[in-house]
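Please read it alongside the sequence and the 3D view.

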Amino acid sequence: MIRTKARRKARILDQWLLNASLNTKITGPVSRGRYRFFRTLRRLRLAFSDPMVNFCVGECRLRLPLSHELPFYRKRFPEYGLNLGRVSLYTRRKYPDSTMIDVGANVGDSVAIVRMFSEIPILCVEGEPRFFQLLAENTKSLPDIELEHTFLGADGDHVCAIHPEGGNAQVLLGPAPGRARICTLSQSLARHSRFATAKLLKLDAEGFDCKILATECALLRSNKPVLFFEYYPHHCQLAGQEPLLVLSALYEIGYSTLLIYQNIGRYLMTLNLNQIGSLEDLHYFLVDSRGFCDVAAFHSEDEDIAAAVRKAEYANRTEKSSAST
């Protein structure tokens with residue numbers, strides 16, 4: 001009984017610590033000092049354990065570890081992740097019966113964001129055990145969600161080690177099978193036939209994004225889904241894939257337009273896949289800075305979706321500018 005009360009008090013304090021950090025402004029010296037104080041308390045708490053807390057995204061309440069950086073990304077950058085929601089909205093408008101695949105679904109934050117914009121059915125793929133458990137808990141009350149507990153890569157890949165940190169899970173490959181499951185996207189879809197012709201494929205696979213795309217060229221050629229992925233040259237090369245070659249492969253199978261976003265969700269520019277020089281400029285800038293960006297890629301048959309999303313990004317920018325004046 002005493003232990004139960006102690007655990008309950010600890011849960012209340014952990015939630016209070018997160019809420020106090022998120023509710024503290026980061027403008028002005030006094031507020032910034034207060035914010036740094038709460039962040040320090042959080043680091044001290046994490047030195048002992050990593051308890052579960054609650055955080056709301058849209059109408060979804062997510063359970064996630066206190067160490068997860070999502071709440072702090074959303075605090076500093078309120079637009080974080082909403083670009084995926086807008087892409088899902090316009091994809092669903094053109095293809096009302098479409099489905100979506102969420103590779104690297106984490107604890108369900110992308111699902112929560114997409115549900116703010118559309119009711120598109122989603123297959124969530126996540127390999128990290130703790131994140132998958134939370135993903136299942138966080139999506140259990142949502143309709144049209146299927147789950148797959150696996151990492152994705154190329155045929156013959158084997159997981160050597162998993163390093164979760166701050167809400168991400170970095171996967172290292174090895175020469176022999178490990179305890180974690182890994183397969184190709186096509187192999188996963190064989191177990192979830194409803195999503196075999198999905199029109200939206202989102203990837204956030206910590207450097208494996210381009211490798212997965214390179215492995216699934218036949219699937220992409222057939223289905224022509226809208227792609228939303230992280231372009232992270234350094235991590236792509238660690239995973240054994242040259243990312244520039246993937247952009248060339250997308251062009252060869254009919255993809256034409258890229259919407260480029262800063263990793264905080266802010267729209268940056270639109271490029272065509274035949275603009276080789278501009279793509280190289282972006283690529284080597286990211287290589288030299290060890291940086292990354294988010295990319296929404298559209299087949300030539302879906303240039304109307306690309307145009308609609310770009311227009312929505314500018315409308316959103318104008319709305320924010322008007323609200324700040």
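A pocket here is an open set of points on a 1 Å grid over the protein atoms alone, with protein on both sides within 12 Å along at least five of seven lines. The model is predicted. By this definition the second largest pocket has a volume of about 240 Å³, and the largest pocket has one of about 850 Å³.

**Largest pocket**
- Its lining consists of 45 residues, and Tyr 80, Asn 168, Asp 204, Glu 206 and Glu 230 are the closest to the centre.
- By class, the lining of the largest pocket holds 23 nonpolar, 14 polar and eight charged residues.
- Elements that each supply at least two lining residues include α4 (82–94), β8 (168–173) and β11 (226–231).

**Second largest pocket**
- This pocket has 13 lining residues, with Gly 265, Arg 266, Tyr 267, Asn 316 and Lys 320 nearest its centre.
- Helix α13 (residues 303–324) gives the largest share of that lining, five residues.
- The lining of the second largest pocket divides into six charged, five nonpolar and two polar residues.

**Glu 69**
- Glu 69 sits in the loop between β2 (60–65) and α3 (70–76).
- Glu 69 counts as buried because its relative accessible area is 18%, and the cut-off for buried is under 20%.
- Leaving aside residues up to four places away in sequence, Glu 69 touches Arg 39, Arg 42 and Gly 166.
- The side chains of Glu 69 and Arg 42 make a polar contact at 3.2 Å.
- Glu 69 and Gly 166 lie 97 residues apart in sequence, yet their C-alpha atoms are 5.4 Å apart in space.

How values were computed
Residues are numbered from 1 along each chain as its sequence is written. This is a predicted model: local features need pLDDT of at least 70, side-chain atom pairs count only at pLDDT 80 or more; totals for chains, interfaces and linings use all residues. Side-chain values use heavy atoms; hydrogens and water are left out. Helices (H or I, at least four residues) and strands (E, at least two) are DSSP runs, numbered from the N terminus. Buried means under 20% relative accessible area, exposed over 50%, partly exposed in between (1.4 Å probe, protein chains only). Contact means heavy atoms within 4.5 Å. A polar contact is a pair of N or O atoms within 3.5 Å; within protein, one must be able to donate a hydrogen and the other to accept it, and residues adjacent in sequence count only if both atoms are side-chain atoms. On a 1 Å grid over the protein atoms alone, a cavity is a set of points where a 1.4 Å probe fits but cannot get out, and a pocket is an open set with protein on both sides within 12 Å along at least five of seven lines; lining residues have an atom within 4 Å of a point. Grid points are joined across faces, edges and corners, and a volume is the space filled by probe spheres set on the points. Ala, Val, Leu, Ile, Met, Phe, Trp, Tyr, Cys and Pro count as nonpolar, Asp, Glu, Lys and Arg as charged, and the others, Gly among them, as polar.
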